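Here are a few friendly notes to read alongside the model.

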Amino acid sequence: MVLLVFAGSAAEFALNRAVDWLFFTGKLPGDPIGRLFSTAGYAQGIVFADELTASRTFDRIVAVHQAVEGQRGQRIPDWAHRDVLYMLIDYSERAHELLARRLTPAEQRELYDVFRRVGTGLRIPDLPRTYAEWRVDRELHLRRDLLRGEGTDALYAQYRRHLGGWRYHILLRVQSILMPEHVRGLLRMKRAEWLRPLVRFYPLLVRAGLRSLIQRVLMPPAYLPAIRALDHVPASPQAPRNLNPVPAPSPAGGRRRHPSPSA
């Protein structure tokens, strides 16, 4: 589910008007898959940690942003921070629906509450108070902040370079059924609806003991240790209260909590 969230976010990242910030540091274009796992690692350091540890993780992320701003002599726009947070909220919900089922209204509200607290910890201002208000603001951000440009094509070229031809085409097909209609239109993608029922088979394949094989097929070998590390939840003596309320299917067929990726 984490990989689905980042597959969708990778598409929207490439369209964002602030994509030039990614090219300023060169880290995401230089190693997009590595940055995915780095971000997921930060997420685990927030979601599965006690409040003090999570707060220190927030501070480290803010310090990284401030260092980049100092090097460039500009501030990252507040709307760009919100864009990143908003896409992770949206694609978390879309990934859960694609892999399992639609979230209930109560789960939607809880999901937004989780990410709103993440956004507050990252000092992102002017966040909507409720899920319903966020939905409206999310649509405004989509229409205002996305465009296709040279950065879009350059970032997709890096996706292809690091994934290889056939894995890259799988990424495109998965993105096409995850992304909002407006994003799909900007990227000129056709929706691969035939893939949707196939994705639903994934939990069954996991229960059949094929998880490791699927990981080896879908991910370049260099990143296998990183993806498998996501399966191991860091031990925490004091888990945060109700920080991750959205359940995901467990490999054993029961229920477990999955880490919501942070900005």
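1. Let me begin with D78, which is partly exposed because its relative accessibility is 25% (buried means under 20% relative accessible area, exposed over 50%, partly exposed in between, with a 1.4 Å probe and protein chains only). Its salt-bridge partner is R75, at 3.3 Å from N to O (a salt bridge is a side-chain nitrogen of Lys or Arg within 4 Å of a carboxyl oxygen of Asp or Glu). R75 is exposed, with a relative accessible area of 57%.

2. Before going on, a word on the basis: this is a predicted model, in which local features need pLDDT of at least 70 and side-chain atom pairs count only at pLDDT 80 or more, while totals for chains, interfaces and linings use all residues. Residues are numbered from 1 along each chain as its sequence is written, and side-chain values use heavy atoms, with hydrogens and water left out.

3. The structure holds 21 salt bridges. In one of them, R123 pairs with D59, with the closest N and O atoms 3.2 Å apart. R123 sits in the loop between α7 (105–121) and α8 and D59 in helix α5 (residues 51–72), so this pair ties together parts that are 64 residues apart in sequence (helices are DSSP runs of H or I, at least four residues, numbered from the N terminus). R123 is exposed at 52%, whereas D59 is partly exposed at 37%.

4. E107 and R101 also form a salt bridge, at 2.9 Å from N to O. Here E107 is buried, at 12% relative accessible area, and R101 is partly exposed, at 30%. Elsewhere, a network of salt bridges links E12, D90, E93, R94, R135 and R138.

5. The second largest pocket has a volume of about 290 Å³. Of its 18 lining residues, R94, E97, R102, L178 and R196 are the closest to its centre. Helix α6 gives the largest share of the lining, five residues.

6. A nonpolar patch on the surface has about 1,000 Å² of accessible area together, and its members include W166, F201 and L213 (patch residues have over 30% relative accessible area and no salt bridge, and nonpolar side chains, namely Val, Leu, Ile, Met, Phe, Trp and Tyr, are joined within 5 Å). Two or more residues each come from α10 (165–178), α13 (202–207) and α14 (211–218), with α14 giving the largest share, three. L213 lies in α14 and is partly exposed, at 43%.

Methods
Patch = residues over 30% accessible without salt bridge, like charges linked within 9 Å, V, L, I, M, F, W, Y side chains within 5 Å. Areas by Shrake-Rupley, 256 points an atom, 1.4 Å probe, with all protein chains shown as cover. 1 Å grid on protein atoms, 1.4 Å probe; cavity = no way out; pocket = protein on both sides within 12 Å on 5 of 7 lines; lining within 4 Å. Points joined across faces, edges and corners; volume = space filled by probe spheres on them.
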